[in-house]
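This report describes parts of one structure in plain terms.

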Amino acid sequence: MLDAGRHPLIELLAYSQVERVSRENGGFHVEITRKARYVDENICNACGDCVAKCPTKVPNAFNMNLDERRAVYLYFDQGIPSVMTIDPDYCRYLKDGKCGVCAKVCEKGAVDFEQKSRGATLDVGAIVLATGLTVFDPTPLTQYGYGKIKNVITGLEYERLINATGPTGGHLNRRSDDQLAHRVAYVQCTGSRDLNYCDYCSSVCCMCSIKDAMLGREHDPESVSYIFHTDLRNVGKWFQRYQTRGEEEYGINFVRGRVAEIAEGPDDNPVLWYEDTRTRKVEKLMVDMVVLATAALPSPDAAALGDMLGVEVDRYGFVVTDDAAPADTSAEGIFACGFCKGPCDIPESVAQASAAASRASELVLSGAPVGKR
Amino acid sequence: MTSIGTNGRVGVFLCECGEEIAPVVDLTKLSAKIGGADMPVSVHVTRYWCSGAGRRLLAGTIEKEGLDAVVVAGCSERILGPLMRDTAVRAGVNWNRTVLVNLKEHCANVHGGKRAAATAKALRLVWAGVEKALRAEKLEPIVSDVNRSAAVIGGGISGLTVARSLAARDIPVTLIEREAELGGTLRSINRLFPSYCNSAEYVREVAAEASGDPNVEMWTSSRVTGVAGHAGDFRLTVESADSSRELSVGCVVLATGADVLVPDGLFEYGDNPKVVTQLEFEAMLREGLGTAKRIVMIQCVGSRNEERPYCSRVCCTATVKNTITVLEQVPNAEITVLTRGFAQYVGDLDRARSAGVTFLRYDPERPPEVGVDTVEVFDVISSEEVAVRYDLVVLATPLVAYDETVELAGLLGVPSDRHGFIAEPHTKLRPGRFAPRGVFIVGSAHWPATVTECQSQAYSATARAAELLSSDVIEREPVVAAVDELTCRGCGECAEACAHDAVVMRDSDDGIKTASIDTVRCVGCGVCTQVCPSSAVMLRHLTPGQLLAMVSATAGRR
Amino acid sequence: MFEKAIRETKAYYCLECGICTGSCPVSRLNPQYSPRIMVERALLDDDETMLSEREVWDCLTCGTCSARCPSTVDFNEFTRAMRIGARESGFEGVDTHAGILRALMELEARRRGRRDISWVADDLRVSSRGKVLFFTGCLPYYGVVFSELGVDTVGMANSTIRLMNACGVRPVVSRDERCCGHDLYWTGDRDSFKKLARKNLKMIEESGARTVVFACPECYAMFSQIYPKFVGKIGFDMMHISEFLVSHVESGRLSFGEKESRVTYQDPCRLGRFLGVYEEPRALLGSVPGLELAEMPRVRSEALCCGSSAWVGCTRINKSIQLERLSEAADTGATTLVTSCPKCNIHLSCAAKDKDTDGGIEISFLTDVLSDALAGGTES
Amino acid sequence: MEEIRVGVFICNCGTNIAGFLDTGVVAEYASTLPDVVFTRENLYSCSEAGITDIKTAITENRLNRVVVAACTPLTHEPTFRAACSDAGVNPYLFEFVNIREHCSWVHKEEWDAGTTKAKDLVRMGVARARLLEPQERIRAPVLRRAVVIGGGVSGMTVALAIARKNLDVALIEREKKLGGLVGELHSLYPGGRDAGGYVSALVEAVKAEERVKVFTGATITDVAGYIGNYSVTLRSKAKELSIECGAIVVTTGAHPLLPEGILGYDGKRVISLIELEGKLASGRLKGSSFVFITCAGARNAEHPYCSKICCMVAVKNALLIKETVPDSRVHVLYRDLMCYGLENEKLLRRAKEVGVRFISYSKDEPPTVEKGVVRVTGDVMGRDFEIPCDMVVLATPLVPDDGAQGLSRLLKVPLDADRFFLEAHVKLRPVDFSSDGIYVAGTARWPGSVRESVEQSLGAASRASIPLLASVRTGASRWSIRMLA
C-alpha cells in the first residue's frame with residue numbers, strides 16, 4: 001500500500017468516484033468525482049488534534065460499527081493518503097453551521113469547510129478493475145439470530161475485535177458483557193454454497209476461520225474453538241498443513257455438520273444446534289461467542305460499474321472472464337483482477353493483479369489504439 | 001411401521017368336510033379362482049384335513065413346496081385351529097402364519113342351495129385369509145421360567161386340602177390365612193354332611209397335617225396386598241400386622257371361601273333374640289339347645305331374590321343335616337322348615353321327613369312373618385295360612401363373596417361376577433379355567449360349594465398346578481397386545497380401559513409415561529388398541545394392516 | 001426407484017450438511033429419524049425398503065428443514081412422494097384416533113357434502129349465495145371428536161362468522177363443503193385429495209363467491225398452493241381470516257374493547273412458513289386495547305411446530321415437542337397461548353391435558369379471543 | 001570525522017511485538033547505547049504516520065544512522081531506506097532489526113526472555129549501524145531476453161505474454177513437443193473446453209510468434225549470472241548451447257501421481273484419471289458402471305497436501321461419462337469435495353442432476369477395491385456400501401516434476417517441503433523467487449487449474465518484464481559494511 005502510495009508513476013486518487021468512461025482516441029476518457037474532504041490534503045499531516053476535539057461521534061465503519069469515531073476522522077491508521085476527512089453526514093458545522101472546533105484547533109489551517117467536490121479527468125490506454133469484495137449480511141438467515149443474539153458476530157467483526165487497532169485493543173470481548181470469550185464456534189458457509197443466497201463457494205472462509213481460531217488461541221491460551229464445516233476446502237498452498245497445525249497445535253475442534261440453528265442460552269451464551277454428520281447425532285453446544293463465516297460477494301455497485309464500462313458481469317455482479325484469458329473482460333482494453341472476478345485468496349489476487357498488469361502493459365506499450373490491434 | 005410380509009409361497013388348503021362344504025361351495029371353481037400373478041399361492045383340496053391322512057398330506061405339502069404360510073379353509077377356528085396349527089408348526093410354518101378360514105359355519109351352512117353365491121363368498125373369505133397370512137409377522141411363543149412353588153390364599157378346608165396335596169407332590173407351598181387360626185368356616189360348623197362327623201375336629205386334623213408337612217409354610221394373620229408377575233413367576237406382597245414381605249411362587253391358588261350373609265332386618269333378626277342364623281344355630285347345637293323345643297327354620301333368607309338371584313346350594317342340605325342333629329339331641333322337638341322348594345339336590349331329606357320334620361312351602365310374594373311367639377306363613381301346598389309356634393327361628397342365609405376376595409381377584413387379574421364370585425369364561429365347556437394362567441380358584445370363593453365339592457376342586461386344582469409347575473418353562477401363544485414405546489405418549493387411556501390390568505404405566509426418562517403390557521395377563525382382546533389415540537398399542541397377531549387388507553379382500557377389492 | 005421424487009424435490013443437490021436433521025424437531029428427540037439420511041438413502045440405495053419403515057410417517061411436514069436447506073431440497077414433497085410410494089406398496093402410516101378422521105375424509109371424497117349447517121349459532125347471519133364465502137374446514141365436525149380436550153371447534157367457526165358479521169359481511173356457509181384434503185394429500189392419498197379439490201371448487205363456483213376466507217391455515221394453504229398444481233388456476237381471491245380482519249381494523253370498521261391480558265402467539269407452520277402470514281395475527285392482537293403480546297424465542301419462520309400433522313403419528317416424540325412448545329409459551333409469562341390454526345389448538349390442548357404439572361397455559365383460538373373482545377367492546 | 005548520531009525506532013506492530021515483549025523497556029535500553037541520540041516507540045512504524053515521524057526525527061535530531069527494530073527487511077526495508085533517503089540520509093546508513101519474526105513471534109510464552117533478546121538484537125543493530133558507510137547502487141546493463149523453462153500451457157502463456165511486450169523469449173521444453181500435461185487431457189473444467197484444441201492453438205500461436213524461439217528435447221545443464229545477465233546452458237540433440245538472458249521463468253509443471261500399489265491399480269479395470277482422460281479423448285471407454293475415488297494417494301503421510309484440482313477433474317469426468325452414457329452408474333467417493341470458487345459448485349450440481357452419486361469417506365476408513373467391487377464406509381451415512389463396477393478411476397494428486405530438484409540447484413532457488421518450487425512469499429509474492437530475476441508460474445509452484453496457471457503465467461510475465469524493460473538495472477548493494485581499519 002505504502003509502495004503504491006509512494007511510487008512516482010502511480011497517481012493515487014482516493015475518495016474518488018468514477019462517473020463516466022468513454023472510448024476516445026483509441027483509449028479511454030475517464031471522468032472522476034473527487035469527493036470533498038473539507039480538509040486540504042496538501043496541508044494536513046494527520047496530527048489528530050482535530051479528532052481529539054471533535055464532539056460528534058459516528059459509528060466507525062472501519063471497525064464494523066463496533067465502536068465510534070468522530071465526524072473528522074482518518075479511515076484507519078495505516079490508510080493512504082494519511083489525511084483527515086470530515087464526514088458531511090455528521091459534521092455539525094456542515095449540517096447546521098455550528099461547531100467548527102476542528103478548524104479552530106488546526107494549527108496548519110488545513111480544515112476547509114468551503115471545499116467542494118471536484119471533477120477530474122484521465123485519459124488512459126487501459127483500465128484495470130479491482131473492486132474487490134463485500135461480505136454477505138447474515139440477517140436474512142434468521143435461524144442464526146444475527147442481530148438478535150448479541151454474541152453472534154460475523155467473521156469481519158471478529159477480525160476487528162482480535163485486531164490490536166480494533167475497538168477492544170485486540171481482546172476478544174463479548175458484545176453482551178465485555179467479558180473475554182473463551183469458547184468460540186465458527187459457522188462455515190453462512191450464505192455460501194446456499195441456493196437461497198450465494199450458490200458458490202466463497203473459497204476463503206475455511207482458511208480464514210482456521211486462522212481466526214489460531215489467532216484466538218494466541219491471544220488467549222484458554223480459548224477453545226469449534227469449526228462447523230461441510231467440505232473443508234484447504235486447497236491452497238500449504239493450507240492442509242495449516243489446518244493440521246490448527247488441529248494439532250491449537251486444538252481446534254473440527255465438526256462436520258452445518259449449523260442448523262443458533263438459540264440464545266443463559267448468560268447471553270449462544271447455543272448451536274447441529275447434526276454431527278460423522279456421528280449422525282443431533283447435538284447442541286453452548287459457547288461464549290459464535291462467528292459466522294459469511295459469504296463473500298462482489299462489491300454492491302459492481303453491476304452498475306459493469307454497465308458503465310460495458311463489461312459483462314454475472315448475476316452476482318462478478319466480472320465475467322474466460323479461463324484462457326482470465327485477465328480480460330468482455331470489453332477490450334479493460335482488465336480485471338482479484339475478487340471482482342470471483343472468490344480467490346491473496347496469492348491468487350496478487351498473481352491475477354500481475355496478470356492484469358501484464359495485459360494492460362502489453363496494450364499500453366504496443367502503442368496501438370484499442371480496437372486496432 | 002414394521003416391515004411385514006412373507007417372502008415365499010402361501011398354501012391354501014380347501015376342505016370338503018365330507019358332505020358339509022363340498023356340496024354347497026364349488027371347490028373346483030374356487031381352486032381355479034384363488035391366486036393369480038400377484039398372489040403366489042398353491043391350492044390343495046382334500047376330504048378332511050383334520051384326519052390323520054389329511055394332516056400328513058398337509059405337512060408333506062408344506063415341506064415339498066417350501067411354504068411359509070398356510071391358509072386352511074374348513075370349519076371353525078375353535079375346532080380346527082389348534083390341530084391345524086400344530087400340524088403346520090411341526091412342518092415348519094410359523095404359528096402366526098397359519099390362518100383358518102371358516103367355510104362351514106360362515107358359508108356352507110348358511111348359504112345352502114345358493115351354490116354360485118356361496119362360492120363367490122368363499123372366494124372372498126379365502127382371499128381375506130391369504131391377505132392375513134401374507135401380512136402375518138412371524139411370532140414366537142412367549143417363554144418364561146417356572147418357579148416350582150405355590151401360594152395358597154385361604155386356610156379353610158379348600159386351601160388346606162390344596163396345600164397338603166401339593167406338598168405331597170414335593171411342591172413347596174406357602175399358605176396365607178388372614179385369621180390367626182386355620183380352618184375357616186368349618187371351625188364354626190357342628191357336624192359335616194354326610195358323615196355327621198365333628199366338623200371342627202376334622203378341620204383341625206387337616207390343618208395339623210398340613211402344618212406338619214415340611215413343604216408347607218403357614219403365614220397366618222397375613223393378607224395378600226399386591227400381585228405382580230405371571231404364570232410361573234408370581235410375586236406376592238404379603239402383609240401382616242407388623243411386617244410386609246415378598247413371596248415368589250410359580251402359581252397361586254385362591255381359596256378364600258365365602259362369607260355367610262348376616263340377615264340384618266330380615267325376619268326380626270337382630271330385634272328378636274329368638275331369631276338366629278344357621279351358623280349361630282350350628283354353635284348352639286354344639287353347646288346344647290337348652291329348652292328350645294319348637295324350632296322354625298326359614299330357607300332362602302336373602303337369596304333367590306332380586307339382589308341375590310342365585311341359590312346358595314349348601315344351605316338346604318345344612319338345614320336338613322341340622323334337623324337330624326336336633327332330633328338326636330331333643331327327640332320330641334317340633335321342627336318346621338319353611339322352604340321355597342328345593343333348587344338343588346338335598347341329602348337326607350327323606351330321613352328328616354320320616355323323623356317328623358314338617359316341610360312347608362312358602363311363596364316369596366307372601367313371605368312368612370315372625371311374630372312374638374308364632375311364625376305365620378301361607379302354605380302354598382295347602383293354600384292355607386298357618387301359624388307355627390316357636391322357641392327358636394333359624395334363618396338359612398346364603399354364602400356371599402368376601403369383599404376382600406373381590407379385591408384379590410382384581411389383583412390376580414381374575415374376573416369376578418356381579419355378586420363377587422369368580423367368573424368363568426365358559427361355564428359349560430371350560431369350567432375351572434380362568435383367564436390368567438397359573439391362578440387357580442378353589443371352593444366357595446368360586447361359587448358356594450359343599451365340603452366334598454371343595455375338596456374335589458382342591459384335588460383338581462392341585463393336578464393342574466402340578467402340571468404347570470412340572471415344566472421348566474412356560475410357553476404361551478403370543479396372542480397379546482404390544483406397545484410401541486416410541487409411539488406411546490403416555491396418556492393412560494389403555495390402562496384405564498384394560499379389564500385385565502394388563503397395562504402398566506411406567507415412568508420414562510423423558511418425563512412422559514410409557515404403557516407396557518404384562519403379557520401374561522393380557523388376553524389379546526384388543527380393547528386397548530381401540531382407545532389409543534396414537535395407535536401405539538397393537539395386537540401383533542392381528543394388526544390394523546392385516547385387518548384392513550382382510551376387509552378389502554372381503555369387500556372384493558383385491 | 002426414487003428418481004422422480006429426487007428430481008422433483010431436488011434431493012440430488014443434497015450436500016450432506018445435516019442442516020435438515022439438525023433443524024428437525026423430531027430428529028432432536030428421536031435419533032432414529034433423520035431427513036438427511038432418508039434423502040441420502042434415496043440417492044444411494046436402489047431399493048424400496050425405506051418405504052416400509054415408520055420413518056416415512058414421522059415427518060411433521062413443518063417445513064423447517066426445507067426453509068433452511070442450502071440446496072433447497074423440498075423435504076415435504078420428498079416425504080409426500082415416499083408416502084405415496086409406501087401406500088402403493090401396501091404400507092400405511094399409523095392413523096391416530098383409530099383412523100376415524102381418515103375414514104371421515106375418505107367418506108367426504110366419495111359421498112355428498114356434509115349437508116349440515118345447523119351448527120351455525122342462531123344470532124349469526126350467513127347466506128347460501130354471495131360474494132364472500134367462509135370455508136369452514138373441519139371445524140364443524142371436529143367438535144364431537146375433540147370436545148373432551150375442551151377444544152370447541154364449532155365455537156371457532158361461529159366466532160369467525162361473528163367477526164365477519166361485525167365487519168358487515170354475511171358470508172356464504174355452504175352445505176356442500178367438504179374437507180379440503182390437506183391430510184389426505186400429505187399422507188399420500190392422491191385420488192381422494194383430487195376428488196375433494198374438484199368438488200370444493202365446484203361448490204365455490206356455484207356459490208358465486210369471489211373471495212374465500214379461511215379460518216384454518218391448512219385449508220388456505222391447500223387452496224392457494226396445492227390446488228393450482230393439480231386442478232388448474234383458481235378463479236377467486238383467498239385470504240386467511242386474520243388478513244380479512246386486519247383490513248377492516250385498518251379501515252376503522254372493526255374495533256375491539258378493552259381486554260387486559262398477556263398472551264403469546266403460535267405461528268402455525270401452514271400460515272407461517274408455507275404462506276408467510278406472520279404479521280396480520282399479531283396486528284389483530286395488537287389492536288385489542290390492554291392485550292399484551294409476549295413473544296416466544298422461536299417465532300415466525302423459526303417457530304416450533306405444534307408437533308403433529310395429518311393425523312399420522314401422534315407419538316411421545318410429538319408430545320415432547322408439544323410440551324416443549326407449551327413450556328416456551330408459559331415462560332413468556334403469558335396466560336394464554338393464541339394460535340390461528342385449529343389443529344395447533346387441538347394438538348397443544350391434548351398435550352396440555354396430559355401434562356402432569358400445574359400452571360399450564362390456556363390455549364385459545366385467534367377468532368375466539370377477538371370475538372370475546374368484540375363482545376366486551378363498544379357496540380358501535 | 002563526522003559525529004555518529006544514531007536514531008532508534010522501536011515498532012509495536014500493533015500487538016504483534018508489543019503483545020509479547022516490553023517495547024518500552026527495549027526503547028529505554030536503546031537510549032543508553034553508545035551514539036544513540038534519539039529513541040522512539042511507534043504503533044506501526046511502516047504507517048504513513050510512522051514514516052513521517054522517522055523523517056521528522058532525522059531532520060530535527062540531525063540523525064545520520066537509523067535503526068528500526070520491527071519486522072522483516074523483506075517487507076519494509078525499502079520503505080525505511082526510502083524514508084532515510086527522503087530525509088537526506090544515505091539509505092545504506094539504515095539498519096533493520098527484526099524483533100518480530102526473530103523475537104516476539106518465537107518467544108510468545110516468554111515475556112522477560114523475549115524482552116532481553118530484543119535488547120540484544122537492538123544492541124547488535126546499533127553496533128552495526130555505527131560502522132555503516134554510505135553506498136551507491138551498482139548499475140549493470142540488462143539483456144532484453146527471457147528464458148522460459150517448461151513448454152506446457154504455463155510456459156507457452158508466459159512466452160507469448162513476454163513476446164507481446166516486444167521482448168525475445170527462449171522457450172525450453174524437455175519433451176519432444178510442447179503441450180505438457182494439458183496436452184494429454186480430454187477436456188477442461190468447468191467450462192468443458194476441448195483440451196486438445198486449446199493446447200494446439202497455443203502451440204500454433206507460439207510457433208507463429210517470431211520473438212519466441214522454441215527448444216524442444218532440451219535439458220538445462222548450467223545456469224550462471226544474475227538478474228539482467230543470466231547465462232543458461234542447455235543440451236539439445238547432443239548439441240550444447242548457451243542462451244544469454246535477463247530473466248528466467250520456471251514453468252516446469254507437475255504430473256499426476258501414478259497410483260502404483262494404490263487401491264488395486266492395474267491400468268485396466270482400475271485406472272488413473274489421466275488414463276481415463278486418454279480413453280475419453282480416444283473414445284475407447286467401455287463399461288456401464290464407474291467409481292471415482294478421490295484423494296487416492298493424497299492427503300496422507302506421503303503426500304500430505306491437497307492437490308486442489310483432482311476433485312473437480314473427477315466431477316467433470318463423472319459428468320461427462322453420465323452425459324455420454326445416461327444409463328451408466330457413476331459414483332464418486334470423496335473426503336472433502338473441493339469445488340471452491342464461482343463455477344465449480346455449479347458443475348457439481350450438474351453432475352448431481354444427471355445422477356452422479358457421491359459418498360464421503362473418512363481418511364481412517366478408506367475404500368477397498370476388489371474384483372469389480374468397491375467397498376466403502378460412508379462416514380456420514382454410518383454404514384458400508386458395496387458398489388459393483390466395471391471400472392474404478394483413481395484421482396491422484398499432482399506431484400512435483402522429478403527434474404525440479406536438479407533445476408532448483410542450478411537456479412539456486414528453493415523447493416518447499418512438498419518439493420514444489422518455493423516462491424519469495426507464499427501470500428504476497430506468489431510468482432517471484434527470492435532470487436531476483438527468476439520467476440515461477442503454474443503447477444511447478446503448486447497444483448492448480450488451467451485458469452490459475454494462466455493467471456500466474458501472465459503475472460510472471462509481468463513480473464519478468466519489469467527488469468527486462470528497465471533501461472539499466474540498479475541492484476542493491478549488499479556489501480556496505482565499512483571495513484574496520
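## Two packed helices in chain B

Helix α6 (residues 157–168) of chain B and helix α12 (residues 451–470) of chain B pack at an angle of about 40°, and their axes are 8 Å apart. Here helices (H or I, at least four residues) and strands (E, at least two) are DSSP runs, numbered from the N terminus. Axes are lines fitted to C-alpha atoms, for helices over the stretch in contact, and angles run from 0 to 180 degrees between N-to-C directions. The model is predicted: local features need pLDDT of at least 70, side-chain atom pairs count only at pLDDT 80 or more, and totals for chains, interfaces and linings use all residues. Residues are numbered from 1 along each chain as its sequence is written, chains are lettered from A and ligands numbered from 1 in the order in which they are written, and side-chain values use heavy atoms, with hydrogens and water left out.

The crossing of α6(B) and α12(B) is right-handed; a crossing is left-handed if the near helix is turned anticlockwise from the far one by less than a right angle, and right-handed if clockwise. From α6(B), the residues I157(B), S158(B), T161(B), V162(B), R164(B), S165(B) and L166(B) take part in the contact. Their partners in α12(B) are V451(B), C454(B), Q455(B), A458(B), Y459(B), T462(B), A465(B) and A466(B). Contact means heavy atoms within 4.5 Å. By class, the contact of α6(B) with α12(B) has nine nonpolar, five polar and one charged residues. In this scheme Ala, Val, Leu, Ile, Met, Phe, Trp, Tyr, Cys and Pro count as nonpolar, Asp, Glu, Lys and Arg as charged, and the others, Gly among them, as polar.

One of the residues in this contact, S165(B), touches Y459(B) and T462(B), not counting residues up to four places away in sequence. S165(B) is buried, with a relative accessible area of 9%. Buried means under 20% relative accessible area, exposed over 50%, and partly exposed in between (1.4 Å probe, protein chains only).

S444(B) is placed in the loop between β23 (439–441) and α12 of chain B. S444(B) is also buried, at a relative accessible area of 9%. Leaving out residues up to four places away in sequence, S444(B) touches G257(B), A258(B), L399(B), F421(B), A449(B) and C454(B).

| Helix | Buried residues |
|---|---|
| α3(B) | L80(B), G81(B), M84(B), R85(B), T87(B), A88(B) |
| α11(D), residues 404–411 | A404(D), L407(D), S408(D), L411(D) |
| α9(D) | C310(D), C311(D), M312(D), V313(D), A314(D), V315(D), K316(D), N317(D), A318(D), L319(D), I321(D), K322(D) |

The 14 residues of helix α3 (residues 77–90) of chain B should span 20 Å at 1.5 Å a residue, and the end C-alpha atoms are 18 Å apart, which agrees. The expected span of a helix is 1.5 Å times one less than its number of residues. The arc is that of the directions from the helix axis to the C-beta atoms. On the other side of α3(B), R78(B), I79(B), P82(B) and R90(B) are exposed. The cover over the buried residues of α3(B) includes α2 (52–65), β3 (69–74) and β4 (98–102) of chain B. After α3(B) comes G92(B), with a positive phi near 105°.

In α11(D), A404(D), L407(D), S408(D) and L411(D) are buried. They cover an arc of only 100° around the axis, which puts them on the same side of α11(D). Their cover includes β6 (145–149), β11 (218–226), β14 (247–250) and β25 (438–440) of chain D. Just after α11(D), K412(D) has a positive phi of about 60°.

In α9(D), 12 of the 15 residues are buried, so this helix is largely enclosed by the rest of the structure. The buried residues of α9(D) pack against β8 (187–188), α8 (273–282), β17 (289–293), β18 (329–334), α10 (341–353) and β19 (357–360) of chain D.

## The chains

Chain B has 15 helices and 28 strands. Of its 558 residues, 53% count as buried. Of the four pairs of chains in contact, chains A and D share the most contacts. No contact joins chain A and chain B, whose closest C-alpha atoms lie 16 Å apart. Chain B and chain D do not touch, and their nearest C-alpha atoms are 20 Å apart.
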